[in-house]
Amino acid sequence: MGWVGRLFDARDTLARMLLLDLSGLGYLVFGAQGHHAPTTTQWALALVAFAAALLFHRRPLVNLVAQAVLLAVAFALVDDTTINQVGASWALLELTMRAERSRTIWLAAGLLVAVDLTDSIGDPVPRLLSGVFGLTVEVGMPLLLGLVIRTTRELARQAEERAAAEQRRRESESRAARADERSAIARELHDVVAHHVASMVLRVGVARHVLPDLDPRVGEVFDDVHGTGSAALNDLRRLVAVLRDPDGVRDAALTAIEPSAVPAALDAAVDRARQAGVTVEADVDPAVGALDAVRGQAVLRLTQEALTNVAKHAGTAARARLTVAVVDGAVHWEVSDDGRGPAPAAAPAGGGHGLIGMRERVEVLGGRLEAGPTGAGWRVRTVLPAGAPAAEGPPRSPARPPDPAAPRPRPAGPHAPEPA
């Protein structure tokens, strides 16, 4: 029905009326000559009908009334009423397509039926029945076609609204996932910073008490450091309060860890993936234990999420490889799989929102996450630079793979499950 919608678009009403008038003019000049020449009255009624169609092309109800009146006059004055009948039928079609209320359509159809039946008053029964049957063409056909076009337009509009609503829903879910992951990162950063600041404050306090004979100026410095650190802790706690769950319930996976514990935590993540049935080969540089707390935390979360995705999408027969290397201070991290096997019944718990959360973590640290198919499997990798991201603002998003909110593509095959 696409071509019908374009043919009867509301913006092309004037063009349709011009074509209708030209068709009527051609009928008068050529078609009617075969029977008898059109009379002056017939020409006058036709020209008025043509003019009304053009003049009221944006007011279908007024046009319908005008054409119905001209048809009633034609029944009384001329023998050939074809022009006025077609004009009235077309006016009903236009009204049916564009009327705001269905009641207007049925009243207009009733008016046209009444005008047609006035011409059959006093006729013999056979001719009366012929006139009633003619209503199916003059009134029924334009009414039916107009309702079909009207319904098609409404269905198309609803489909567009549903598509727009679905797009808004996907965008909202993506924004919510990004916001959740950023909140998790903020909480973790708070835990890391608060841990070290609290340790500094504690040690300064201990030093202040175990060294009572310090120079007063040194004591003032200790007091100032202790007070500044305590104020910083209070500010951190107040700032993070808006990020924490209102009920105070926190996921254990979001607690901060010491950098030196990162290698053991990575081993635990690999073990959980193996318990889920995935064969994992791990090549972890021991130097990750000397990373700063923020990048060490990011490496752990990326590993947990990537191995979770392998267990979900590649399956129990898959082989995965984890590589973590520290080169010139930059962390080179990669997880790949061969994409084989059905998805297992259980999978290790991840720490975020899939690729969305992973990309957020990487971009916050000034890196770029690459994810996509490789052979029959899937690979995700990144480099976390040694330096912190620029302070002027968040890192710009470079060209990257398709939107992570979209389904994760897999090569075709019996073991190519869609991502969650």
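Among contacts in the protein chain (heavy atoms within 4.5 Å) between residues at least 6 apart in sequence, 73% join residues at least 24 apart. The model is a predicted one, in which local features need pLDDT of at least 70 and side-chain atom pairs count only at pLDDT 80 or more, whereas totals for chains, interfaces and linings use all residues. Residues are numbered from 1 along each chain as its sequence is written, and side-chain values rest on heavy atoms, with hydrogens and water left out. The protein chain contains eleven helices and five strands, these being DSSP runs numbered from the N terminus (H or I, at least four residues, for helices; E, at least two, for strands). Of its 420 residues, 37% are buried, where buried denotes under 20% relative accessible area, exposed over 50% and partly exposed the range in between (1.4 Å probe, protein chains only).

Helix α4 (residues 60–77) and helix α6 (residues 102–118) have axes that come within 9 Å and cross at roughly 10°, the axes being lines fitted to C-alpha atoms, for helices over the stretch in contact, with angles from 0 to 180 degrees between N-to-C directions. That crossing makes α4 roughly parallel to α6, on a scale where angles under 35 degrees count as roughly parallel, over 145 as roughly antiparallel, 65 to 115 as roughly perpendicular and the rest as oblique. On the α4 side the contact is made by L61, L64, A68, L71, A72 and F75, and on the α6 side by T104, A108, L111, L112, V115 and D116. These residues divide into ten nonpolar, one polar and one charged, with Ala, Val, Leu, Ile, Met, Phe, Trp, Tyr, Cys and Pro counted as nonpolar, Asp, Glu, Lys and Arg as charged, and the others, Gly among them, as polar. The buried residues of α4 include L64, A68, L71 and F75.

Helix α5 (residues 82–98), with 17 residues, should span 24 Å, and its end C-alpha atoms are 24 Å apart, which agrees. Twelve of the 17 residues of α5 are buried, so this helix is largely enclosed by the rest of the structure; among them are A88, L92 and M97.

V139 lies in helix α7 (residues 125–210) and, at 6% relative accessibility, counts as buried. Not counting residues up to four places away in sequence, V139 touches L92, A109, L112, V113 and D116. V139 and G110 are 29 residues apart in sequence and 9.0 Å apart in space, C-alpha to C-alpha.

In the loop between β2 and β3 is D328, which has a positive phi of about 55° although it is not a glycine. At 76% relative accessibility, D328 counts as exposed.

Methods: Expected span 1.5 Å × (residues − 1).
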